[in-house]
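Please read it alongside the sequence and the coordinates.

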Amino acid sequence: MSSKTWSKWLLILLPIVAGAYLLWPTYNYYRMNQERESLIGDSAALESWDLANGEDFAKARNARLKLGLDLRGGMYVTLEVDILKLIEESADPLSVDEDFTSILEKTRTQTDNTDLDVLDTYLANFRASGKSLLQYFPLSSSDEAKGGDPEKAIEEKLRNDAAGAVDQAMEVIRQRINKYDLSEVNIQKQGARRIVIELPDVKDEKEIRSLIQTTARLEFKRVMMNRDLIRTFYTIDNVLKGVVAAEPVVDTTATDSTAVAKDSAAIAKADTAKKDTAAAATAATDTSKKNANPYAGLSDDEVARRVKRDYPFTYMLTGLFAQSEKSSFQNFDLILKKAEDFPEQGIYNFVVSGTMLQQFLKYLERPDVKRAMPADLDIVVAARPEGTPAKDGTPEFYNVYGVVREADLTGDVVTEAFPSFDQSSNQPMVLMEMTGEGAERWAQITGANIGKRIAIILDGRVYSAPTVQNKITGGSSQITGATSPEEANLLAVVLKAGALKAPVKIIEERVVGPSLGEDSIRRGVMSSLLSFALIVLFMLAYYAWGGGLADIALMMNVLLVIAGLAGFGGTLTLPGIAGIILSTAMAVDANILIFERMREELYAGKTLKAAIDQGFEKAWSAIIDSNLTNILATVPLLIWGSGPVRGFAVTLLVGAVITLFTAVVVTRAMFTLIAASGATTFNIGQKRTA
Amino acid sequence: MDLIKKTNIDFVSNRVAIFRASVIIALIGLAATFLPGMIDLGIDFTGGTQITVKFAKQSASADQVRAAVGEIGFGGAEIKSFGTTGEYLIRINETGRASEISADIVAGLQKSFSNDTVTLLGADNVDPKVSSELAFDSALSLFLATIIILLYVAFRFQFAYGLSAIVALAHDVVLAFVVSVLFNKTGLLNLELSINSLAAYLTILGYSINDKVVVFDRIRENREKHKGMSLVDLVNLSLNETLSRTLITGVSVLAALLVMVFLGGDVLEGFAFTMFIGIVIGTFSSIYIASAFLIWYSDRVQHKNVGELHTKKA
C-alpha cells in the first residue's frame, strides 16, 4: 500500500477511533449503572460493588455524555440576589427616611425589566438627588481610620457586598445541597447576580426549595478535642452496632416468609445481634486489657469485616495526635482501645475520608445517635477537604471536630469581613469586625480560651478553626492560617453570612417529572434511530454502493457530533437534538449534492476517476457556503441566545464543522481509495445505459 | 435508482403571480394570527406557573379538572389537554412557588379523583421578568443571525442574493409560524410558542438558507459557464439542474421528521411538526420566492436587463 492510500485509510479510521474513545465512558457508565441498579435493595452487595467499582463508575460518570434536565427529569432553579434589598438592609435603620425609600423605589422601577446594573443605577440616582451616602450608611471603623473620601469608602463597601452576596448565596446553597448527596448537582453563577442550580433526580422539590431559601446560620463554637470526644465515638459505635449489624441479616433471612414473620424474625435477629455485640464489646475490653488481639489469626478481609461490624462509626476515622504545639502529628489507631487508653494532655485531630463522608454524616443525623451524644458536645465536619485536591485519585480527607453544643457567639455580631494579607509574613488572612456588643463577648471568650481553638461554623459545617493567640478586644480580629488567597476569600464570604443575609428570590423554576423524563428519552431515542435508519436505507436504495459509502460517512457524522459533545463536557438537550437533526440533514444534503454531480459527469461520459474529481470539486462550493452560513449564524445565538437557544447553536456548530469534514474529506477519501484500486465503474445508482 | 430525469420545467414565467399570492397568503395569515387569542404563548414568554399532570386511568375530564383545581384554591386556572388523553396542562397566573403549588395540586387532584393515579409530569414557574428577557434575547439573537446570513451571502455572491435569501427566509418563518398557530387550535399537538419551539424555527432558518445557497451556487456557476445568458434563463436552468437534489434531500429529511412527528413522544412531536412544515415551505420558497425576488430586484431596483425565458424544449 502506498503512503497515499495509507493516509486515506487513516483519515477514515482515525475519527472513528477518536469518536469511540470519547463515547466509551458513556457506554461504560450506562452498563455499570444498570449493573448497580440491579443490586439496589441488597445493601451488602451494593456496598461491595461500590467499593470495587466506585472509582471507575465516578470516572465514567464524569466523562459521559450528559443529558439535559428536559430529557432526563429534574429540577432547574434560577435565583437572583436582590441587590436593592441588600442596600436597604445595609443602611442604618434609624436614618431611613422618605428620600431614601423613594430612591430605592425609583431604582426598582428602572431596573425591574432591564439589564441595567442595579447598584450603578442606584448610585447614579443617589448622586442625582444630591444626598450624601454618609447620612444613611454607617462607616466602618477601619475605613474611618484609613481616612480618605468616606463617600468612596461606602460606595466601595456596597460594591463588595453586592459582589459577595452572590458568592455567599452560592456557597451556602452548594454546602446544603451537597449534604443531600445528590449526584451531579450543577451550580453556576450567571451574570453578576444570578445563580442557576440544576438538580437531576430530585425526589422532593419542596424540600430543596426550602433548603435554598432558608437563611444561613453562622456560629462560633469552642473546639473540644480530647478523650471525651473519643469516648463519644465509642458510644456512637455502641448505638450503631446493634442496628447496623442487624440490617444485612434481615435481608438474607426473610426471603420466603410472610411480612409478619419477616418482622418478628428481624426483631429476634436484632435482639441476638445486640446481645452478641454487647458480649463482644465486653470481650474486646477484656482482651485489650490483656493486650491480646481478638482478631488474631484471621484473614485481612475478615479483620476488616469485623472491625467494621464492631466499630461501625469509629472505623471511618483516622486519629492524629501531637504532644504539644511543637511536636509533629502521629497517626494512631482507635480500634480495640478505650478512651482511658489515650493521654489527657495533647492535641488531637481526626479526619474522615471523602469516600465515607456521606455515610459518616448520615450516622450523625440519626436520632438514636443524637440521643446518645453528651449534652454539651457536638461532632461537626469541615466544609472542604484538607489541602489541595489530589489529582491522582487518592481520597480526600475532611477534618472532624468536636465542638461545644451551644454556640458561644452567633454570626449576627459580625459587621464586616474581608480577605487580606499579613504584612509581615505575606500570608493570606481574613480581617473580621464585630459590633460593640459582640466585641465585648468576643473579648471574654477569647480571653478565657487562649491557646484553644474556636470553630467557625456555617450551616453545621466548619470552615476554619483558628487557635486563639490572645484576648481580642475592640472586635477587630485577624484570622490567619489560610493556605491560599482563595481560601481566605471563601472564609470572608462565610463570615459575611453572619452580617448580611444575602436576600435571594427564585425567579425561574422548572421541574420535569421523572416519568416524563424517562418516557421522553425512550421515545426520543427510538424515533431518532428510526428516522436515521430510514435515511440510511433511502441513501442505499437511491445511490446504491455510493449510498453505502455516504451512510458510513453519515454514521460517522452523528458519532462524532455526539462524541464531540461528550468530549467537550456539553449537555444534550431537546433543542440540541434539533441542532443534530439540522446538521445531519445538511450532511445528507452534502452527499446528495456530490452524487448528483458525479452522476451528471458520468452521464456526460467522463471516466470514474474524472467523475469523482469533478463531482467533489463542483459540489464543494455549495457545501462550504451553506455550512459556513450556518456556522456563522450560530455565533450570535451562542453569544446572546438564552440557554435552550445556545444548546441548539452548540450542536449545530459542532455538527456543521463535522459535516464539512465527513462529507468532503471522509467520503472523498473513500472514493479515492476505490478509484486507486483500479476500478473503472462504480454503482452510485446511475442509469446503466448512460 | 434515478427518479428525477433531466428536466426543463418553466419555473420563472409565473413568478410574479406565485410570489404575490404567496406573500398575500403569508400576510393575511400573519394578520389572522394577531387576532386576539390566536397565538398561544407558552409561559416562557408570558410568565406564570404551569403544571402538567397525568391521570393514569384517564378518568377526569377537563371541566372536572378545572373544578377540582378551583376547589384547591386556584380559581380561573387555564386547563388544556393535547393529543394524549389523561394529560392536562394547568396554568396559573401566579409566580414564585411552583413546587408548593404543584405539590398541592397533585395532592388535591389525587384526593378528588381517588380511584385514579395522578402523577406530576412537570412544573414550570417563570417570573415575568425572566420571560421578557427570554423574549428580548431570542429576538436579538435571531435578528443578528439574520444579519450575518445577509452579510455572508452578499459577500460570497452579491448583495441582491443576500437580500433574496432574507426575504425568502422571512417568508418561510412567517408561513411556518402561521401554520403552527392555526394547527395548535386543533388541539392535536402542543405547538405553543416556547423557548424550545424557537429552536424549531431556527432549524427551519438553517435548512432553508442551505437550500437557497445550493441554488445560488448553481446560478453562480452557470453564470461563468454560459456567459451572456440572461438572468431569467440562468435562474431557470439552475433551478432545473438542482431540482433532483432539492427534492431528494427534501423528501428524505421530511420522511425522517415524519417518523418523529408520529413516534417522537410529547417532547419531540410538536418540535418535529413545526420543522416539517417549515421544510416544505422552505423547499417551495427556494424555487419560487428567493429566485423570483432575485429577478424582480435585479430588474426593478438595479435596472438590469434580466431578459425573457427562452422556451426551448429539451
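Two strands are said to pair if DSSP finds at least two bridges between them, and helices (H or I, at least four residues) and strands (E, at least two) are DSSP runs, numbered from the N terminus. On these terms β12(A) and β13(A) form a hairpin with six residues between them, and A:N426 in the turn has a positive phi of about 65°.

This is a predicted model, in which local features need pLDDT of at least 70, side-chain atom pairs count only at pLDDT 80 or more, and totals for chains, interfaces and linings use all residues. Residues are numbered from 1 along each chain as its sequence is written, while chains are lettered from A and ligands numbered from 1 in the order in which they are written.

**Confidence and overall layout**

The predictor gives the complex an ipTM of 0.84 and a pTM of 0.71. For chain B the pLDDT (the predictor's confidence in each residue, from 0 to 100) averages 83, and 95% of the residues score at least 70. Among the elements of chain B, the lowest mean pLDDT, 78, belongs to helix α4 (residues 98-112), and the highest, 90, to helix α6 (residues 159-184).

Chain A is divided by an automatic or database domain assignment into domain 1 (1-64), domain 2 (77-214) and domain 3 (516-690). The centres of domain 2 and domain 3 of chain A, taken over C-alpha atoms, are 49 Å apart.

Chain B contains nine helices and four strands, and its C-alpha atoms fill a box of roughly 80 × 45 × 30 Å along the principal axes. Of its 314 residues, 50% count as buried; a residue is buried if 20 or more other C-beta atoms lie within 10 Å of its own, exposed if 12 or fewer, and partly exposed in between, with C-beta atoms placed from the backbone.

An open sheet of eight strands has the order β3(A)-β4(A)-β2(A)-β17(A)-β4(B)-β1(B)-β3(B)-β2(B), with antiparallel pairing. Its edge strands, each pairing on one side only, are β3 (186-190) of chain A and β2 (78-80) of chain B. From one strand to the next the twist averages 20°, where axes are lines fitted to C-alpha atoms, for helices over the stretch in contact, and angles run from 0 to 180 degrees between N-to-C directions.

| Strand pair | Bridges | Bridge partners |
|---|---|---|
| β17(A) and β4(B) | five bridges | A:V512 and B:G122 |
| β1(B) and β3(B) | six bridges | B:Q50 and B:R91 |
| β12(A) and β13(A) | seven bridges | A:F418 and A:L431 |

**The interface**

Across the interface, 63 residues of chain A are in contact with 63 residues of chain B, contact meaning that the C-beta atoms of two residues, placed from the backbone, lie within 7 Å. The elements giving two or more residues to the chain A side are α9 (205-213), β17, α17 (514-567), α18 (574-603), α19 (608-640) and α20 (643-676). The largest share of that side, 15 residues, comes from α17(A). The residues of the chain A side divide into 34 nonpolar, 16 polar and 13 charged, where Ala, Val, Leu, Ile, Met, Phe, Trp, Tyr, Cys and Pro count as nonpolar, Asp, Glu, Lys and Arg as charged, and the others, Gly among them, as polar.
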